Amino acid sequence: MSELPPLILVTNDDGVHAPGLFALAKAMKTLRGGDVEVVVIAPDRERSAVGHALTMHRPLFCEELREGVYAINGTPTDCVAIGVKKILRRRPVLLASGINRGGNLGDDITYSGTVSAAVEGTLIGIPSIAVSIDGSSHLHYADTGRVAAIVAAHVLERGLPPDTLLNVNAPNIPWDEFKGIRFTGQGKRTYDDAIQEVADPRGRAHYWLGGGTPIFQGGEETDIHAVAQGFVSVTPLHLDLTNYDALRMIETDWAEMTQLKP
Ligand code: MN
């Protein structure tokens, strides 16, 4: 009996019909000289900005659209959890999420379904990467796919540190214009006027989220800066969100709080 090739799971948050998903699946199929099996399990519709949400109050269905491509009526996290535990017949050696339409830079990552799918993969012990293009139209998916394949090949060969995923962001430029890959830290990006208040035809106020002008902060070591300069940014993210400097600080400076008795 011949040995089955290593399995790679591809998902996203833009939905199972998104072009970035297919670009990523195609790129993953080039790994190990093509000696891999790539399975796509993705939300049946766009679920951008759902974060790490799990669907707990309605049933979830998985439909095989064609061979190796499945749609689930849930979130990216649902897709990874159900995909790995119920759909796939063996454990994936890698999870790749994306290619997201739009960067996942700085503080975007906690809202991101793309990154959260990779968080879920990491939680269940599968080396995981999230891949995004920092643009909104005329996106160079194939070029970012080539970068994703380079990063994925390294992950397959070297592994990742415990509880760590990679957040990959490419500028929206052709392959030849990439200046290289930079290893970066998470920057800060806030939005001015991010909530629009408008009146409906009856004069009732309502609100639109997701607009606004991004304001960048942080230095040259950040993901935001690297992408703005034409580099692909690779940020290792850790599942342990503890601020250890703050822990040491409050252990000393707030010591009296621990004496509180009921
Ligand atoms: Mn998205």
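Reader: How are the donor residues of the manganese ion spaced in sequence, and which protein atoms are its donors?

Author: The spacing of the donor residues reads D-D-x33-S-x51-N, and the protein donors of the manganese ion are Asp-13 (OD), Asp-14 (OD), Ser-48 (OG) and Asn-100 (OD1). Of these, Ser-48 in the loop between strand 2 and strand 3 and Asn-100 in strand 5 link distant parts of the chain, 52 residues apart. The model is a predicted one, in which local features need pLDDT of at least 70 and side-chain atom pairs count only at pLDDT 80 or more, whereas totals for chains, interfaces and linings use all residues. Residues are numbered from 1 along each chain as its sequence is written, and side-chain values use heavy atoms, with hydrogens and water left out.

Reader: What makes these atoms donors of the manganese ion?

Author: Donors are N, O and S atoms within 2.8 Å of the metal (3.2 Å for Na, K and Ca), and water is not among the atoms, so the site may look incomplete. The protein donors lie 2.1 to 2.3 Å from the manganese ion, and therefore they meet the cut-off of 2.8 Å.

Reader: Is Ser-48 buried or exposed, or something in between, and where does Asn-100 fall?

Author: Buried means under 20% relative accessible area and exposed means over 50%, with partly exposed in between (1.4 Å probe, protein chains only). Ser-48 has 30% and is therefore partly exposed, while Asn-100, at 6%, counts as buried.

Reader: Why is the pair of Glu-37 and Arg-90 called a salt bridge?

Author: A salt bridge is a side-chain nitrogen of Lys or Arg within 4 Å of a carboxyl oxygen of Asp or Glu. The closest N and O atoms of Glu-37 and Arg-90 are 3.0 Å apart, so this pair qualifies. Glu-37 lies in strand 2 (residues 37-43) and Arg-90 in the loop between helix 2 and strand 5, so the pair ties together parts that are 53 residues apart in sequence; helices (H or I, at least four residues) and strands (E, at least two) are DSSP runs, numbered from the N terminus. Glu-37 is partly exposed at 32% relative accessibility, and Arg-90 is partly exposed at 25%.

Reader: How many salt bridges does the structure hold, and how do you know that Asp-200 and Arg-204 form one?

Author: The structure holds eight salt bridges. For Asp-200 and Arg-204 the closest N and O atoms are 3.0 Å apart, which is within the 4 Å limit, and therefore the pair counts. Asp-200 is buried at 13% relative accessibility, whereas Arg-204 is exposed at 57%. Another of the salt bridges joins Glu-46 and Arg-101, with the closest N and O atoms 3.6 Å apart.

Reader: What makes helix 3 count as mostly covered?

Author: Helix 3 (residues 113-123) has 10 of its 11 residues buried, among them Val-115, Ala-118 and Val-119. What covers its buried residues includes helix 2 (76-87), strand 5 (94-101) and strand 6 (128-134), contact here meaning heavy atoms within 4.5 Å.
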